[in-house]
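Please examine the arrangement of helices and aromatic rings in the structure shown below.

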Amino acid sequence: MSPIEIGLTSVGAIVILVYIGVYIPIALGVVSFVSIWLMRDNFDLSMNLLKIAVGDSVMEYTFATVPLFTFMGLIVSKAGLGADIYEVMNSGFRKVKGGIGMATVGANAVFAAVTGSSIASASVFSKVSVPQMLNYDYNPRFAVGVVAGSSVLGMIIPPSAMLIIYSFVAEQSVGEMFQAGIVPGLMLAAAYVGWIWIMGKFAPSYIGGRSFEDTEWMTWGEIAEKTLPITTLIVVVLGGIYTGWLTPVEAGATGSLLGLVIAVVRRKMDLKGFWQALLETGHITAAILFLITAASIYSRMLGMAGVPNALGDFLETAQFSFFWIMFFYVVLMIFLGTLLDTASIILIVVPLFLPLIEPMGLSLVWFGIVTVVGAEIGLLTPPLGISCFVIKATLNDHRIALKDVFIGAFPFAVVMLIVLILLIRFPSLSLAILN
């Protein structure tokens with residue numbers, strides 16, 4: 001077999017192995033290692049490239065952001081800040097049809113700005129907002145769909161682990177990726193709120209719910225008490241990055257310390273909780289960095305096989321326009337989203353398409369936002385749909401089946417696709433803050 005044939009076969013083998021349940025980093029690493037060995041008939045070369053992949057990836061200073069932002073997100077979640085911001089949003093939207101759903105989207109958008117995790121958002125708001133929506137007779141599918149849809153904001157609104165991973169693969173600035181994620185994230189949140197308003201206006205039976213006029217407005221003092229901690233955290237972390245006062249790593253460390261202080265002051269953190277947060281941070285960080293290491297040797301294998309160049313030559317020969325290249329890219333990401341998690345999609349697909357995008361003179365920062373939004377659609381689609389599984393597991397309610405979560409999330413996946421099309425058509429939306 002020629003190197004290009006080995007490279008293409010390895011990509012197919014990786015997808016098949018992942019689909020049948022092999023741990024993703026194992027599939028990426030082992031197949032890439034063996035492919036390099038077969039291409040060059042040199043075991044020592046494969047071992048040396050594996051050592052280089054480790055040294056050039058997870059040992060980089062930039063990746064200190066992964067454990068720091070992960071720890072900050074866990075601490076903030078344990079401190080109950082997600083529930084607080086939800087109560088404030090709920091008070092503001094209480095007289096609107098579907099208002100609890102809108103409050104969930106708004107609270108998720110704010111929560112995303114300090115956690116950067118879709119899984120954390122899905123877990124927190126499954127416990128906070130779904131029971132309340134069910135108490136007010138909202139359609140269960142709508143209730144879980146809102147939480148599933150808005151949970152993906154955690155991967156788009158900075159700080160985001162997915163933006164960090166993309167910045168590594170594409171060799172882009174983490175700070176610039178964070179800045180580029182703000183407008184698309186807010187666009188998606190606004191689109192969700194708009195969708196809920198439209199459904200409340202034209203298909204109220206789909207939303208369900210009854211009035212809760214008996215609840216009282218929050219006083220300004222209560223609003224300040226519940227929003228000040230998370231607002232301070234957002235200003236310190238994101239403000240520090242955007243003004244240049246803090247590097248992303250320093251911002252992650254500062255945010256972690258501030259989040260810990262807030263949790264202790266609110267008496268939501270003891271030594272046992274602190275230890276659990278450290279352990280969970282270690283588990284999540286190890287999984288992400290193991291994945292990045294495997295993806296590094298995978299990228300080297302693709303380059304050695306010449307797959308990206310072959311793909312570029314094919315598209316050039318076929319004279320595909322920018323429209324068709326992006327069409328195939330989005331379709332591929334949505335398809336893989338039914339099989340893989342977001343990080344795996346980014347690490348597998350981006351190295352294939354970067355050599356096609358760069359010669360076109362397109363912004364790799366914009367391409368990263370398109371990639372993350374496209375891959376995030378997979379969080380809401382079966383059979384994998386990680387956010388949907390998290391919601392089902394967190395609720396543990398026999399009245400809501402996994403099928404209900406997927407059906408409820410489907411309209412929000414469609415809204416994501418519409419926003420993605422707008423981002424592709426108008427790149428300036430992603431680059432507005434950078435220009």
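In which hand of crossing, left-handed or right-handed, does α4 pass α13? In this predicted model, α4 passes α13 in a left-handed crossing. Two packed helices are described by the angle between their axes and by the distance between those axes. For α4 and helix α13 (residues 248-265), the angle is about 20° and the axes are 8 Å apart. Because angles under 35 degrees count as roughly parallel, α4 is roughly parallel to α13. On the α4 side, the contact involves T65, L68, F69, F71, M72 and I75. These residues meet a set in α13 that includes P248, G252, G255, G259 and A263.

The model holds 17 aromatic pairs. Among them, F69 and F178 are edge-to-face, with 6.0 Å from centre to centre and 75° between the planes. F69 lies in helix α4 (residues 65-78) and F178 in helix α10 (residues 174-202), so the pair ties together parts that are 109 residues apart in sequence. Both F69 and F178 are buried.

Another edge-to-face pair joins F111 and F125, at 5.7 Å centre to centre and with 85° between the planes. F111 belongs to helix α6 (residues 99-115) and F125 to helix α7 (residues 118-135), 14 residues apart. F111 and F125 are both buried.

Note on methods. Residues are numbered from 1 along each chain as its sequence is written. This is a predicted model: local features need pLDDT of at least 70, side-chain atom pairs count only at pLDDT 80 or more; totals for chains, interfaces and linings use all residues. Side-chain values use heavy atoms; hydrogens and water are left out. Rings of Phe, Tyr and Trp (its six-membered ring) pair if their centres lie within 6.5 Å; planes under 30 degrees apart count as stacked, over 60 as edge-to-face and the rest as tilted. Helices (H or I, at least four residues) and strands (E, at least two) are DSSP runs, numbered from the N terminus. Buried means under 20% relative accessible area, exposed over 50%, partly exposed in between (1.4 Å probe, protein chains only). Axes are lines fitted to C-alpha atoms, for helices over the stretch in contact, and angles run from 0 to 180 degrees between N-to-C directions. Angles under 35 degrees count as roughly parallel, over 145 as roughly antiparallel, 65 to 115 as roughly perpendicular and the rest as oblique. A crossing is left-handed if the near helix is turned anticlockwise from the far one by less than a right angle, and right-handed if clockwise. Contact means heavy atoms within 4.5 Å.
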